[in-house]
Amino acid sequence: MEAWTLRELARELSAVRRSKRSLLLTPAGKKLAAADSSTLWTAVTSALIPADQAEGVAVEITLMLHLTGRVGYRERCAAMAEAMAGEGWHSPSTGQPITGEDVGWLIGAVHRRLDLLGLLRRQRSLDEVGDRLTDAGRTAALAALRARAFRPRTAAGFG
């Protein structure tokens, strides 16, 4: 899963392209490889929130939940489902408003990304509150949300 997560992140950064069975650096990828830490940090935090609309909304909500309090996985799923249903998201299989059971995979996707980058402290025992952001993770989450809020809009009412 880590290789897949890294590949997806690199693709969202436009850093790699596929050539037959290989991934090659693009010109943008070569610039990132030679970039200083600040430039790389800005690029990676901006890409924490995927371009896909459903995943992007889910990541925004997940990051906000991590930043505002220590809630467990079930509470995070319920809060995400409530927020997404309030925005009109529906389950593709039933057509009904999205539920906590429908959003677990979305939380897993963002947690894999945060974990890969060392931005998430995973729950180690049942006595712990749950997964939570590291200090760097909190900074990255704020930077990602800020980048998302200030990015150019491509269509009215979307993204």
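This is a predicted model: local features need pLDDT of at least 70, side-chain atom pairs count only at pLDDT 80 or more; totals for chains, interfaces and linings use all residues.
Q: What makes H4 roughly perpendicular to H6?
A: Helix H4 (residues 53-68) and helix H6 (residues 100-116) pack at an angle of about 70 degrees. Angles of 65 to 115 degrees count as roughly perpendicular, so H4 is given that label relative to H6.

Q: How far apart are the axes of helix H4 and helix H6?
A: The axes are 9 Å apart. Two packed helices are described by the angle between their axes and the distance between the axes.

Q: Which residues make the contact of H4 with H6?
A: From H4 come Ala54, Glu55, Ala58, Val59, Thr62, Leu63 and His66. From H6 come Trp105, Leu106, Ile107, Val110, His111 and Leu114. By type, the residues of this contact divide into nine nonpolar, three polar and one charged.

Q: Why is Arg113 called buried?
A: Buried means under 20% relative accessible area. Arg113 has 7% relative accessibility, so Arg113 counts as buried.

Q: Where does Arg113 lie, and what is Arg113 in contact with?
A: Arg113 lies in helix H6. Leaving aside neighbours within four places in sequence, Arg113 is in contact with Thr5, Glu8, Leu9, Glu12, Ala47, Leu48 and Pro50.

Q: How do you know that Thr45 is buried?
A: The cut-off is again under 20%. The relative accessible area of Thr45 is 5%, so Thr45 is buried. Thr45 is found in helix H3 (residues 37-46), and, leaving aside neighbours within four places in sequence, Thr45 is in contact with Ala140, Ala143 and Ala144.

Q: What does the side chain of Thr45 reach at 3.3 Å?
A: The side chain of Thr45 reaches the backbone oxygen of Thr42. A polar contact requires a pair of N or O atoms within 3.5 Å, and the distance here is 3.3 Å.

Q: Why is Ser14 called partly exposed?
A: Partly exposed lies between the cut-offs of under 20% for buried and over 50% for exposed. Ser14 has 43% relative accessibility, so Ser14 counts as partly exposed. The place of Ser14 is in the loop between helix H1 (2-12) and strand E1 (16-19).

Q: What makes Lys20 exposed?
A: Exposed means over 50%. Lys20 has 75% relative accessibility, so Lys20 counts as exposed. Lys20 is placed in the loop between E1 and strand E2 (22-25).

Q: What is the phi of Ser14, and what is the phi of Lys20?
A: Ser14 has a positive phi of about 55 degrees although Ser14 is not a glycine. Phi of Lys20 is near 55 degrees, also positive in a residue other than glycine. Most residues other than glycine have a negative phi.

Technical notes. Residues are numbered from 1 along each chain as its sequence is written. Side-chain values use heavy atoms; hydrogens and water are left out. Helices (H or I, at least four residues) and strands (E, at least two) are DSSP runs, numbered from the N terminus. Buried means under 20% relative accessible area, exposed over 50%, partly exposed in between (1.4 Å probe, protein chains only). A polar contact is a pair of N or O atoms within 3.5 Å; within protein, one must be able to donate a hydrogen and the other to accept it, and residues adjacent in sequence count only if both atoms are side-chain atoms. Contact means heavy atoms within 4.5 Å. Axes are lines fitted to C-alpha atoms, for helices over the stretch in contact, and angles run from 0 to 180 degrees between N-to-C directions. Angles under 35 degrees count as roughly parallel, over 145 as roughly antiparallel, 65 to 115 as roughly perpendicular and the rest as oblique. Ala, Val, Leu, Ile, Met, Phe, Trp, Tyr, Cys and Pro count as nonpolar, Asp, Glu, Lys and Arg as charged, and the others, Gly among them, as polar.
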